Amino acid sequence: MVGWVLLYDIIFIWCHVYLCVLQVVYKPPQIPAEAHFAESFDTGSLERRWVLSQAVKQGEGEEKTIRYDGQWSVEEPAEQPLPGNRGMVLKSPGRHHAIAAPLRTAFHFQDKPLIVQYEVQFQQGMECGGAYIKLLSHSEQLHLPQFSDVTPYSVMFGPDCCGQNHTLHFIIRHWDARTGQYQERHARQPELDLSEYFTDRRPHLYTLNLYPDNHYEIQIDQSVISKGSLLTDTTLLGAPPREVADPSDTKPSDWDDRPLIPDPMVTRPVDWDEDAPPQIPDPLAQRPSDWLEEEPPLVPDPHALRPQDWDEEMDGEWEAPWIPNPACKHVIGCGPWIPPMISNPAYRGKWKTSMITNPNYQGQWHPRLIPNPEYVEEGEGAPPVRPAPVGAVGLELWALTGGVLFDNVLVCGDRRVAQYWTEQTWGQRLTAERILAPGVVQRLLGAAMKRPWLWGVYVFTVALPVVLFISFVWPDKRFGPPDMDYYYKKSDEPQPDDPEGEQAWSCRGRETTLMLHGSLIHFSCYHLQSPSIHPSKAAEQHTW
C-alpha cells in the first residue's frame, strides 16, 4: 500500500507541474499609430478614455424616461486562457447601458476602406439583448456625456438577438443629396445560422470591411459570412416606391367587389318570431303555500334610537335602519312572489339568410399604378455612398443577460494595420487555445484532479492487466527450455528427483479462479498431477 500511495503522490505532483508549464504568457498589443481607434482594455482605468452617458432616454408606456444606469467594468473573463488579458464587461442585466470614447483622429469616407472589428463573448449566454457597436457621426453637436439612442451615427454593426431571432446588424446612415435627407441602409442578413455564437459562451471576432466602391464584407472569426453591394444588397429604409397609385383613377360604379351575397332563393319561414324573448316565466310554477306576500322582507328596526347629536337641518330627516322582517323568519319568503324563468321554446333569434358565392364578383378594386416621380433609380452606376465622418465609438445597449465582454476594438483604414492588430490580439488567443487544448491523457488527468476517486479506477485499470499478464505468461519450470535439467513433457510421469512433498501446481487456463476482495488479488490453483490428494486439499489459495 505504501507503494501505491507513493505512486499516487508522484502522479499528482507531475500533473500540477505539467499544467503549470502549459501556462501561456499574455503580451498586451502595441497600439498602432495609424489606427483611428484601438482599445485592448489591458492598461489603465476605464474612465481614462471612455465616457459614461448621463443622458435620459425617452421610454414607452408607463416609463416616461429611462436612465442609462447599467454598470460597466474592466476585468478578465471567467474562463481565461490568457491571464492578464482584460475586457470591458456589461454588468447589469435588464438595464440600459451607454458608453462612448472619441477617436484619435476622425475617419473620413474617401479613398480608404473602413475596417471595424472587435471581440464579443456572451459569458452567460444571451436570452435577449444586443452587442453591437455604433460609429458616431463627427460634428460640433457630438457630446459624449449625452450619448443616447437618438445620437446620430454613421455605421452600426454587431450581433443582436431576442429569443430565437438571431441577427447581425450592419446599418449605414448617409446623406442623400438627391432627396436632401439622411437615409438608412440595412444589409441583408447572412444565410448562416448565428445561434451558436450567442450560446457557446466563447469569444468571437466580428469584422466589417467597407470599401470605397460601395462593396462590403462581414466576417466572424476571420471567415466571410456575408458580402455584397450597398446599392443592390441593402434595403433603403423609407425609400420612395418605384410606382404609386394614380390619384385620378376612380372605382367604376358597376364594380362588384362582394365575394359573397345572400342567397336569393332562401326566405324567412312564416312562423319565425324574431321578437320572442329567450326566457319566459315558468307557467307550471306555483307560489308556495306559506309565502307571505303582504309582509315586506325588510322593516325598520323598532329598537333603533335617533342619535343625540343628529341635526335634521344638517343631516336630514332621521330614519331607522332596516332589518329582516321577524314575521318572515319561519316561512319560505315574503313580499311579491315572482315565478322562476325558463328557456323560451319559441325563441329562435334573429333570422339570417345563408350566403352564396357572388357570380358577379370582380375582385377587390385597386387604382392603377403609375411611375413615382420621387423614385430614384439605383444600381452599380449610382454615386458612391458616403456616410458622415466618424468621430467616436459608442455602445448603447440593453441586455436581459449580463456578463457580455467586449475586447480589442479597432477602427482603421488600412488592411495591414488590421492584420497586425488581429495577429497581436486574436492570434494570441488562438495560439493559447491550441496549446491548452486538452488531449486524451490531459482530459483524464484533469478529471482526476477534480475527482480524486478516479485515481483508484486508473490504477486498477492499469494494474489488473499487468498482474494477469505476469500470472499467465511467467515461465513454468515444467515447460522450460529443452537444454535445462528440469525440462520434461506434459505427458511425462512425475520425476523421481522431485523433492519430497513437492507437488506440481498450475494456475493456467480454466483451472484458475480470480477473486477480487478490496485491493487484494486471490488466485485458486488446482493440483493437476496427483489425483490421490484429498479433494479438500486439491486447491490452494494464493494471495498477492
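Two exercises with worked solutions follow.

The structure is a predicted model, in which local features need pLDDT of at least 70 and side-chain atom pairs count only at pLDDT 80 or more, while totals for chains, interfaces and linings use all residues. Residues are numbered from 1 along each chain as its sequence is written, and side-chain values use heavy atoms, with hydrogens and water left out.

**Exercise 1.** State where threonine 207 is found and which residues it touches.

Solution.
- Step 1: Threonine 207 belongs to strand 14, residues 203–210 (strands are DSSP runs of E, at least two residues, numbered from the N terminus).
- Step 2: Its relative accessibility is 5%, so threonine 207 counts as buried (under 20% relative accessible area; exposed is over 50%, partly exposed in between, with a 1.4 Å probe and protein chains only).
- Step 3: Leaving out residues up to four places away in sequence, threonine 207 touches Val116, Gln117, Phe157, Glu217, Ile218 and Gln219 (contact means heavy atoms within 4.5 Å).
- Step 4: Between the C-alpha atoms of threonine 207 and glutamate 217 there are 8.2 Å, and the two residues are 10 apart along the chain.

**Exercise 2.** Classify the ring pair of tryptophan 175 and tyrosine 182, and describe the surroundings of tyrosine 182.

Solution.
- Step 1: Rings of Phe, Tyr and Trp (its six-membered ring) pair if their centres lie within 6.5 Å; planes under 30 degrees apart are stacked, over 60 edge-to-face, the rest tilted.
- Step 2: This rule gives 10 aromatic pairs. For tryptophan 175 and tyrosine 182, the centres are 5.1 Å apart and the planes at 75 degrees, so the pair is edge-to-face.
- Step 3: Tryptophan 175 is partly exposed at 45%, and tyrosine 182 is partly exposed at 44%.
- Step 4: Arginine 173 has its charged end over the ring of tyrosine 182, 4.4 Å from the ring centre (CZ of Arg or NZ of Lys within 6 Å of the centre and within 35 degrees of the ring normal).

Terms used:
Helices (H or I, at least four residues) and strands (E, at least two) are DSSP runs, numbered from the N terminus.
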